Amino acid sequence: MAKTPEPKRTISLKPCDGDVIEVSPMIAKQMQTIQSFIEDDSFIATTTIIPLPNVTAFQLSKIIDYLNYHSNSKAVADNVKESTKKFDEEFLKELEHDKLKELLHAANYLNVKEVLDFLCQAVADLIQDKSVKFVRKFFGVVNDYSVEEEEDIRRTHAWAFEGVEED
Amino acid sequence: MEDTIVDDLFDKLPDEILACIVSFLPNEFALETSLISTRWRFLWNQVVVRYGAIEDVSVGVAQFLACFEELDPLKHPRKLQFHFDKSNALFATISTNSKLLLEFSTEKSENERRYELKFKLNKDHITHQIVAPSFLVKTLYLKSVSYLTSEVAFSIVSNLDHLQNLTIVECSGLQSLFIESESKLKKLTILDCLHLKSLHLRTSKLKSFRFRGPLPRIWPESHFNLTDGMLDFRLGPKCSDFKSEDFNITLLTIKNSQFLTLCEWTFEEMIWPSISLSRWNFIFYKLRELWWIDNYKDQNNIDALVSFLKLCPALEQLFIQIDPTSYSTTRSKSCLIQANKYTELEHLKVIKFIGFTSQVNEISVAKSVIQLVKGKPPRIETSDGSYLDME
């Protein structure tokens, strides 16, 4: 069968605050939101630019970086574990708390599971062992429990917190 | 400005994402997140809901335990809801430190029917395990077992070979309880099982025994020395024909305890008649903390407490709780007012009053206790949280 000329290989994504970013179909596929765009009949890879009004260029490139690194490192042997860990650490180091939260939101919008899981783990690591007050502040949550309700929950959970010093 | 935007964004995240974050937390902290706000209340936990017959419950629990992986709680939920026989259910929850909570919910009409439970734990030869669990239960909280569910409770508990700590709460109808665990069980707590008449313990490693409810007939078959004993029998004896001789073996188990909760009447009726015969050879040498529950019916009369304190030379902290509803003995107290030689309280540092309604009473009790103290007077904390200065 005669080879038809290769169609344009990349997907064009337009973040809300920057120029179009081209990604490979393999990366785009991992973003569920983009994937459903691509599957739409009106989508023409060569001309369509997918607008992402809820995602900044910074966030988009972070997510693409992550996916790129991890899809490449998967292909190689498993002795890359160390360097993957290093990459993940570096990746988070560049993110302040607010940036991390925004990125989580962007990942949620794009519905990219791998990044979501990674960021959820990162947030969990951040709030672990912190007080409930800290976590409320971190998430910007207002405590809407009455004193009695809060007391009630503490009472019902008391069994789980007993004897923690043991073992 | 950016702050508000970020917070707003976070508010918009769907529950699944928040639940995903929570799932990465260790169990105990995950539970704590339920306190953040009403939205977070149930995020920490996915519940497996299953339906079946009562015969399937113990297998269901065994499978639930077998599936749970402590290191990867995201994979499997920490909570099981097993509905059986129309309106009955069992709630199982796993928590950190190898803890399992089993709470039954059955129709009210079943609650009064009497039953007995026999737990033989830590038996090496138990082979009827359905699924080898990857999660080893060391602490079990068993709540609201009834006649109907006693078989289920029996078959679940019999499979928990590594149990070190057992708590039995609000099992109404439970009349007779036998526990055998010669190697592992260290802590036993029984709270508010109001129908319990007979408690038979073959538990030679037991260190902590905490009981709240009417005093049943207790038979510690194998001897054990408790470090921590809570004998909160303020509801009185379960049967009116108890004699102090019946309490003698139990008395031996608390003799070397360091922490003790005791009611005035128990001392007067169950302990004093026996030890007054032994001419003061019976001393609680190791007791450091005493929680004394007194009905304080005859005001200004705390002779029972004073008599007991004379047996506790090492006491460091004394808590005196007045509960006017607690049982009081009908016997004469005159036998307590004997002059006896005793060692003074040299180590007493703190006296704390709980439940007193008048400071006059607190001062009166404090005076009686301080007479026994040698050296520096203890710090005295009143029921309203202030301090008494007796000097």
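The following paragraphs lead the reader through a predicted model, beginning with chain A and then turning to chain B.

Chain A contains eight helices and three strands. Along the sequence, these elements follow the pattern β-β-α-α-β-α-α-α-α-α-α. Chain A has 167 residues, of which 38% are buried. Its contacts also show how the chain folds back on itself in sequence terms: among contacts between residues at least 6 apart in sequence, 58% join residues at least 24 apart.

In chain B, a series of strand pairings may be followed. Strand β8 (residues 174-180) of chain B pairs with strand β10 (residues 198-202) of chain B in the parallel sense, over five bridges. One of the positions to look for is Glu180(B), whose bridge partner in β10(B) is Arg202(B). Strand β10(B) also pairs in the parallel sense with strand β12 (residues 217-220) of chain B, over four bridges. Here Leu201(B) has Pro220(B) of β12(B) as its bridge partner. A further parallel pairing joins strand β13 (residues 228-232) of chain B to β14(B) through three bridges.

The next topic is the nonpolar interior. In soluble globular proteins, nonpolar side chains tend to be buried together. The largest nonpolar core of this model has 98 residues, and the members that touch the most others are Phe209(B), Leu290(B) and Phe308(B). Helix α7 (residues 264-275) of chain B supplies the largest share of this core, namely six residues. Apart from it lies another core, of 54 residues, which includes Ile34(A), Leu119(A), Phe138(A) and Tyr145(A). Returning to Phe209(B), and leaving aside its neighbours within four places in sequence, one finds among its contacts Leu188(B), Ile190(B), Leu199(B), Leu201(B) and Ile218(B). Phe209(B) is likewise in contact with Gly229(B), Met230(B) and Leu231(B), among others.

In α7(B), eleven of the twelve residues are buried, and the helix is mostly covered.

Which residues of α9(B) are buried? They are Asn361(B), Glu362(B), Val365(B), Ala366(B) and Val369(B). These residues lie on the same side of α9(B), because they cover an arc of only 130 degrees around the axis. The general principle is that an α-helix has 3.6 residues a turn, so residues three or four places apart point the same way. The face of α9(B) turned away from the buried side carries the exposed residues Val360(B) and Lys367(B). The cover over the buried residues of α9(B) includes α8 (303-309), β16 (317-322), β17 (350-354), β18 (379-381) and β19 (387-388) of chain B. Finally, the N-terminal end of α9(B) is capped by Ser358(B), a side-chain oxygen of which lies 3.1 Å from the backbone nitrogen of Val360(B).

Terms used
Residues are numbered from 1 along each chain as its sequence is written. Chains are lettered from A and ligands numbered from 1 in the order in which they are written. This is a predicted model: local features need pLDDT of at least 70, side-chain atom pairs count only at pLDDT 80 or more; totals for chains, interfaces and linings use all residues. Side-chain values use heavy atoms; hydrogens and water are left out. Buried means under 20% relative accessible area, exposed over 50%, partly exposed in between (1.4 Å probe, protein chains only). Helices (H or I, at least four residues) and strands (E, at least two) are DSSP runs, numbered from the N terminus. The arc is that of the directions from the helix axis to the C-beta atoms. Contact means heavy atoms within 4.5 Å. A polar contact is a pair of N or O atoms within 3.5 Å; within protein, one must be able to donate a hydrogen and the other to accept it, and residues adjacent in sequence count only if both atoms are side-chain atoms. A nonpolar core is a set of buried Ala, Val, Leu, Ile, Met, Phe, Trp, Tyr and Cys residues joined through side-chain atoms within 4.5 Å. Two strands pair if DSSP finds at least two bridges between them.
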